[in-house]
Amino acid sequence: MSSILYLVLPCYNEEAVLPDTAATLQSKYQDLMTQGKISRDSKIMFVNDGSRDRTWQMITELFRRDAIFCGVNLSRNRGHQNAVLAGLMTAKEKADVVISIDADLQQDVDAIDEMLEKYEQGCDVVYGVRNARDTDGFVKKHTALGFYKLMQFMGCEVITNHADYRLMSRRVLESLSQYGEVNLFLRGLIPTIGYPSDIVYFDVRERQAGESKYTMGKMLSFAVDGITSFSIRPLQLITLLGFLMLLVSVIMVITTVVDYYSGRTVPGWASSYCSVWFIGSVQLLSLGIIGEYIGKIYLETKHRPKYHIASCLWKEKDIDEETEKDR
């Protein structure tokens, strides 16, 4: 019996790409259903992450046109990771397997075939990994590669050049639902769940319309969230730095005492000036890193919902469903 596949696409101001995206995915689904690779109960789920344009209206029109489409409307913008999670947790109730993919379809949809093959072979998680970053600009390309290396150095289990294009089985989603943390970083969280996994490589195409929502500021914030969510190494580095500064201080004290008794003491305003500024900057940086962790602890202790679902568009056996949920 063919598996029920749900495709989850987070959307934020994506009205420019939705028509082409919907047509491409609809055609892809028809091919997969014809080949018997997925059940005819499979669906394409758009998650509206508080868009300010016509994204939700267009999702509603797609839903009314074809039952293969369904939609989840968040009450406000909650960020890419929460939008993905909202779709995954909504889809897990009805799907055997779920694939998350970006709404601009820069990730090759033909990789879905190979993902499904890996799933049939026993893999519960299949990661989509891009072959190259030729479509990225110089700055984005090198900052992205630096991000993955930094995350791995910090001890995070991330896969280089893997974003959020991945297949997950129902039991993986059930395990994911047990994680209650607010500070989400799915790229690092999914590998910690375990279960058999594999990788599928794909080529990235140019964005057909609209603009990328990942600005440099958002990428930096995303990197900070990833590091502080899965690694305490920055705190360990602060401890190491403090130890090194202590050694330097001891050496400076010994040198000063020797100079004093040798009669070589001279006014050293320059060295005092530099050392005060250096130590001060190290202290401020250390306090900033510690503050990031304290801030994350503060948010986690509140246990606030990660998102609110204002409404769902669902059609099953010619019955329209509209529900309200909180997570």
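**Figure 1. Helices H1 and H2 cross in a right-handed manner.** The model shown here is predicted, and local features are described where pLDDT is at least 70, side-chain atom pairs count only at pLDDT 80 or more, and totals for chains, interfaces and linings use all residues. Residues are numbered from 1 along each chain as its sequence is written, and side-chain values use heavy atoms, with hydrogens and water left out. A crossing is called right-handed if the near helix is turned clockwise from the far one by less than a right angle, and left-handed if anticlockwise. Helix H1 covers residues 18–34 and helix H2 covers residues 55–65; their axes come within 11 Å and cross at roughly 30°. H1 is therefore roughly parallel to H2, a label given to angles under 35 degrees, whereas angles over 145 count as roughly antiparallel, 65 to 115 as roughly perpendicular and the rest as oblique. The axes are lines fitted to C-alpha atoms, for helices over the stretch in contact, and the angles run from 0 to 180 degrees between N-to-C directions. Helices (H or I, at least four residues) and strands (E, at least two) are DSSP runs numbered from the N terminus. On the H1 side the meeting residues are Leu18, Pro19 and Ala22, and on the H2 side they are Thr55, Met58, Ile59 and Leu62. Sorted by class, the contact of H1 with H2 holds six nonpolar residues, one polar residue and no charged residues. Here Ala, Val, Leu, Ile, Met, Phe, Trp, Tyr, Cys and Pro count as nonpolar, Asp, Glu, Lys and Arg as charged, and the others, Gly among them, as polar. An α-helix has 3.6 residues a turn, so residues three or four places apart point the same way.

**Figure 2. Helix H7 is largely enclosed by the rest of the structure.** Helix H7 spans residues 186–193, and seven of its eight residues are buried. Buried means under 20% relative accessible area, exposed means over 50%, and partly exposed lies in between (1.4 Å probe, protein chains only). The buried residues of H7 are Leu186, Arg187, Gly188, Leu189, Ile190, Pro191 and Ile193. Directly after H7, glycine 194 adopts a positive phi of about 95°.

**Figure 3. Helix H4 is mostly covered.** Of the 10 residues in H4, seven are buried: Ala111, Ile112, Asp113, Met115, Leu116, Lys118 and Tyr119. The cover over these buried residues includes E1, H1 and E4, together with strand E5 (125–130), strand E6 (162–169) and strand E7 (197–202). Just after H4 comes glycine 122, with a positive phi of about 115°. In the loop between strand E4 (97–100) and helix H4 (111–120) stands leucine 105. Leucine 105 is not a glycine, yet its phi is positive, about 55°. Leucine 105 is also buried, with a relative accessible area of 2%.

**Figure 4. Valine 98 is a buried residue of strand E4.** The relative accessibility of valine 98 is 0%. Contact means heavy atoms within 4.5 Å. Not counting residues up to four places away in sequence, valine 98 touches Leu5, Tyr6, Val8, Leu88, Ala91, Arg166, Leu167, Met168 and Leu173. The C-alpha atoms of valine 98 and arginine 170 are 7.5 Å apart, although 72 residues separate them in sequence.

**Figure 5. Serine 3 lies in the segment before strand E1 (5–11).** Serine 3 counts as buried, at 10% relative accessibility. Apart from neighbours within four places in sequence, serine 3 contacts Lys37, Ile38, Ser39, Ser42, Asp96, Val97, Tyr119 and Glu120. Asparagine 13 belongs to the loop between E1 and H1. Its phi is positive, near 55°, in a residue other than glycine, and asparagine 13 is buried at 19% relative accessibility.

**Figure 6. Isoleucine 309 belongs to strand E8 (residues 308–316).** With 4% relative accessibility, isoleucine 309 is buried. The C-alpha atoms of isoleucine 309 and asparagine 48 are separated by 9.6 Å, and the two residues are 261 residues apart along the chain. In the protein as a whole there are 10 helices and 10 strands, and buried residues make up 43% of the 327 residues.
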